Amino acid sequence: MFDILFCNADIITMCDENPVIRGGYVGINGKHITYVGNERPEGKAKRCIDCCHKVLMPGLVNTHTHTAMSLLRGYADDYALNEWLFDKVFPVEARLTEQAIEAGVTLGFAEMLRTGTTSISDMYYFQPKAAQIALDCGIRASFCNGIIAFDADAFNPESDRGVTETKILAERFHNAGDGRIKADASIHAEYTSSPKIWHFVNDMADKYGLNMQIHLSETKNEHENCIEKYGKTPTAILAENGVFERKAIAAHCVWLSEDDMDILASKGVSCAHNPISNLKLASGIANVRKMLDHGMNVALGTDGCCSNNTHDLFEEIRFASLLAKGTSYDPTALCAYDTLKLATVNGALAQGRENEIGRIKCGLEADIILLDLSSPITRPYYDPISAVVYSTSGRDVYMTMIQGKILYENGEYKTIDIEKAIANADSLATKITNGE
Ligand SMILES: [Zn+2]
């Protein structure tokens with residue numbers, strides 16, 4: 001007896017030996033995938049979902065975001081980077097309240113579930129609050145507070161907010177929700193702290209057994225200032241100080257040297273490639289093909305909504321593929337299947353969740369999405385992988401399941417009061433941006 005049986009689905013498994021099953025079946029029991037195959041399995045199901053004209057695939061993994069920033073969607077477009085950050089973003093962030101965070105995070109999670117993202121890596125403030133919301137709404141998430149300390153001498157771990165939040169995350173939320181929620185340690189970036197702080201965060205990560213999240217070589221300025229300051233690239237100086245001695249996600253990696261790529265590959269560090277944010281803030285274009293050729297794991301992220309302005313990871317998938325082709329003058333530089341890996345298996349590996357999610361395979365947890373490809377936008381389709389990478393968007397997502405639970409289906413949210421979430425976000429956005 002299955003809890004749920006998906007019938008007659010075009011399945012993208014993301015398993016290399018058998019990546020697509022046409023008109024197949026996927027059975028779910030509890031939180032696990034217990035059947036995948038061409039034939040209808042023996043036994044009944046409490047619920048059968050007919051998947052005619054639908055593609056079934058693993059939920060997408062967003063390895064770099066600041067979910068609460070969804071309140072700032074469209075708030076500050078078309079500014080130069082410094083003006084954007086110092087005149088627009090920082091003053092509003094200074095006014096954020098727990099209520100505003102709750103509104104932003106809830107809206108962001110609703111958008112992610114609606115557009116097929118099932119697992120995220122999130123760096124921001126008020127993270128215990130965000131973790132509680134994630135626990136309640138059912139999304140899978142790894143939370144961190146990126147520690148910033150411009151003056152190492154003034155850094156006091158007893159009163160530092162990043163340290164306090166990291167401890168709360170580690171002690172109360174790490175592995176909560178049957179492993180769905182995780183705490184990560186985080187150094188915000190090389191240029192916002194210094195070696196003393198990095199060693200402190202390393203020790204904290206080791207004490208609690210946490211992975212690391214960091215921004216790395218996002219802009220040319222940041223990369224070159226580091227070389228001027230330390231005589232080394234951000235990757236080299238952070239590696240020398242032990243930051244990559246544990247599983248880590250490095251967001252952006254736009255300005256890496258080839259030596260940097262070798263270091264990160266040898267340390268098993270994953271890049272969170274954020275093509276749209278990097279384009280919108282004119283930071284540059286990360287060289288995904290080269291990072292993969294150097295043996296790095298590359299995954300995808302949206303970054304915050306103030307530099308994107310959406311959490312729809314299908315857009316990042318298409319941009320990642322097209323940018324790799326266009327910048328190399330080689331249309332074979334990143335094929336559809338390899339691009340889809342960035343958003344699924346590679347994302348799972350980046351988060352240390354490769355034995356939980358990322359593929360449609362017996363024994364893995366059931367983080368599954370269904371895309372409705374019956375509209376004229378996606379007809380006809382010859383190859384489900386091509387359709388998903390080049391023709392669809394998150395708006396085609398019909399159903400989102402995490403740990404075997406359906407959280408969104410055909411316009412209906414099961415765990416979020418969507419009308420209230422939108423009303424709250426609208427009202428809090430006005431409050432924080434007007435300084436009320
Ligand atoms: Zn970021």
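**Figure 1. Packing of helices α11 and α12 in the predicted model.** Helix α11 (313–328) packs against helix α12 (residues 336–343) at an angle of about 135 degrees, and their axes are 9 Å apart. Axes are lines fitted to C-alpha atoms, for helices over the stretch in contact, and angles run from 0 to 180 degrees between N-to-C directions. α11 and α12 are therefore oblique to each other; angles under 35 degrees count as roughly parallel, over 145 as roughly antiparallel, 65 to 115 as roughly perpendicular and the rest as oblique. The crossing of α11 and α12 is right-handed, where right-handed denotes a near helix turned clockwise from the far one by less than a right angle, and left-handed one turned anticlockwise. L313, I317, A320 and S321 of α11 are in contact with A336, T339, L340, L342 and A343 of α12. By class, this contact of α11 with α12 comprises 7 nonpolar, 2 polar and no charged residues. Ala, Val, Leu, Ile, Met, Phe, Trp, Tyr, Cys and Pro count as nonpolar, Asp, Glu, Lys and Arg as charged, and the others, Gly among them, as polar. Two residues are in contact if their C-beta atoms, placed from the backbone, lie within 7 Å. Helices (H or I, at least four residues) and strands (E, at least two) are DSSP runs, numbered from the N terminus. The model is predicted: local features need pLDDT of at least 70, side-chain atom pairs count only at pLDDT 80 or more, and totals for chains, interfaces and linings use all residues. Residue numbers start from 1 along each chain as its sequence is written.

**Figure 2. Packing of helices α2 and α15.** Helix α2 (residues 98–114) and helix α15 (residues 418–434) pack with their axes 8 Å apart, at an angle of about 135 degrees. The pair α2 and α15 is therefore oblique. α2 passes α15 in a left-handed crossing. On the α2 side the contact is made by Q99, A100, A103, G104, T106, L107 and A110, and on the α15 side by I418, A421, I422, N424, A425, L428 and I432. The contact of α2 with α15 has 10 nonpolar, 4 polar and no charged residues.

Figure 3. T302 lies in the loop that joins β13 (297–300) to α11. T302 is buried, with 31 other C-beta atoms within 10 Å. A residue is buried if 20 or more other C-beta atoms lie within 10 Å of its own, exposed if 12 or fewer, and partly exposed in between, with C-beta atoms placed from the backbone. Not counting residues up to four places away in sequence, T302 touches N62, T65, N274, N308, T310, H311, L313 and E316. The C-alpha atoms of T302 and G59 are separated by 15 Å, and these residues are 243 apart along the chain.

**Figure 4. Two cis peptide bonds.** The peptide bond from N308 to N309 is cis, with omega near 5 degrees; N309 is found in the loop between β13 and α11. The peptide bond from R379 to P380 is also cis, with omega near -15 degrees. P380 is located in the loop between β14 (368–372) and α14 (384–391).

Figure 5. Most residues other than glycine have a negative phi. M14, a residue other than glycine, has a positive phi near 65 degrees and is found in the loop between β1 (2–12) and β2 (20–29). M14 is buried, with 23 other C-beta atoms within 10 Å. H252 has a positive phi of about 95 degrees although it is not a glycine, and its place is in strand β11 (residues 248–252). H252 counts as buried, with 27 C-beta neighbours inside 10 Å.

Figure 6. The domain assignment gives domain 1 (2–58 + 364–413) and domain 2 (60–350); domain bounds come from an automatic or database domain assignment. The centres of the two domains, taken over C-alpha atoms, are separated by 29 Å. In the contact, 22 residues of domain 1 meet 26 residues of domain 2. On the side of domain 1 that touches domain 2, the elements giving two or more residues are α14, β15 (397–402) and β16 (405–409). The largest share of that side, 5 residues, comes from α14. By class, the side of domain 1 that touches domain 2 has 13 nonpolar, 6 polar and 3 charged residues. The buried residues of α14 are P384, I385, A387, V388 and V389, and their cover includes β1, β2, β5 (54–58), α11, α12 and β14.
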